[in-house]
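Dear colleague,

Please find below the structure that I am passing on to you. My findings follow it, and I would be grateful if you would read them beside the coordinates.

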Amino acid sequence: MKKKFVWQMTGEEFLFLINETRNNTIRKDAIPKHVRKKIDNQYVYGLKGIAKLFGCSVSSAMRLKKSGKINDALVQEGRKIIVDA
């Protein structure tokens with residue numbers, strides 16, 4: 001059921017999944033290791049950090065930053081860039 005898209009779920013399945021998540025019954029080992037590592041490290045710094053987080057090149061990370069798609073998670077003060085992973 002966790003592999004279904006939300007729009008394919010019935011209301012009952014969706015509510016069950018929310019309750020399961022709230023009760024923390026999702027095992028940590030059910031989350032892939034590379035995703036868990038990114039979640040544990042809460043912040044990444046700079047364009048290299050963005051590139052590593054999204055698995056792309058530094059130039060692609062720059063384009064992603066300029067596009068505004070990650071503005072909600074991004075803080076920039078001068079040249080310092082901090083992204084909430």
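Lysine 65 has its place in helix α4, which covers residues 58-67. Please bear in mind throughout that this is a predicted model. Lysine 65 is buried, yet it has no salt bridge. The nearest side chain of opposite charge is that of glutamate 77, 14 Å away. Which residues does lysine 65 touch, not counting those up to four places away in sequence? They are Leu47, Ile70, Asn71, Leu74, Gln76 and Ile81.

**Overall architecture**

The chain has four helices and three strands. From the N terminus on, these elements run α-α-β-α-α-β-β. Of the 85 residues in the chain, 16% are buried. Among contacts between residues at least 6 apart in sequence, 33% join residues at least 24 apart.

**The sheet**

The three strands form an open sheet in the order β1-β3-β2, and their pairing is antiparallel. The edge strands, each pairing on one side only, are β1 (43-45) and β2 (74-77). On average, neighbouring strands of this sheet are turned by 20 degrees against each other, direction ignored. Helix α3 packs on the sheet and touches β1, β2 and β3; the direction of α3 makes about 130 degrees with that of β1.

Between β2 and β3, which run antiparallel, there are four bridges. Within this pairing, leucine 74 stands opposite valine 83 in β3, and glutamine 76 stands opposite isoleucine 81 in β3. The hairpin of β2 and β3 has two residues between the strands, and glycine 78 there takes a positive phi near 65 degrees.

In soluble globular proteins, nonpolar side chains tend to be buried together. In this model, the largest nonpolar core has nine residues: Val44, Ile50, Ala51, Leu53, Ala61, Ile70, Leu74, Ile81 and Val83. Helix α3 (46-54) and strand β3 (80-84) each supply at least two residues of this core. The largest share, three residues, comes from α3.

Two members of the core, Leu74 and Ile81, are also among the residues that lysine 65 touches. Another member, alanine 61, is in contact with Leu47, Ile50, Ala51 and Cys56, leaving aside its neighbours within four places in sequence.

**Helix α3**

Which residues of α3 are buried? They are Gly49, Ile50, Ala51 and Leu53. Lysine 48 is also found in helix α3, but this residue is exposed, with a relative accessible area of 69%. Lysine 48 is classed as exposed because its relative accessible area of 69% lies over the 50% cut-off. By contrast, lysine 65 in α4 is buried.

The C-alpha atoms of lysine 48 and serine 59 are separated by 9.4 Å, and these two residues are eleven apart along the chain. After α3 comes glycine 55, whose phi is positive, near 65 degrees.

**Points for your attention**

With kind regards

Terms used. Residues are numbered from 1 along each chain as its sequence is written. This is a predicted model: local features need pLDDT of at least 70, side-chain atom pairs count only at pLDDT 80 or more; totals for chains, interfaces and linings use all residues. Side-chain values use heavy atoms; hydrogens and water are left out. A nonpolar core is a set of buried Ala, Val, Leu, Ile, Met, Phe, Trp, Tyr and Cys residues joined through side-chain atoms within 4.5 Å. Buried means under 20% relative accessible area, exposed over 50%, partly exposed in between (1.4 Å probe, protein chains only). Contact means heavy atoms within 4.5 Å. Two strands pair if DSSP finds at least two bridges between them. Axes are lines fitted to C-alpha atoms, for helices over the stretch in contact, and angles run from 0 to 180 degrees between N-to-C directions. Lys and Arg count as positive and Asp and Glu as negative; His and the chain ends are not counted. A salt bridge is a side-chain nitrogen of Lys or Arg within 4 Å of a carboxyl oxygen of Asp or Glu.
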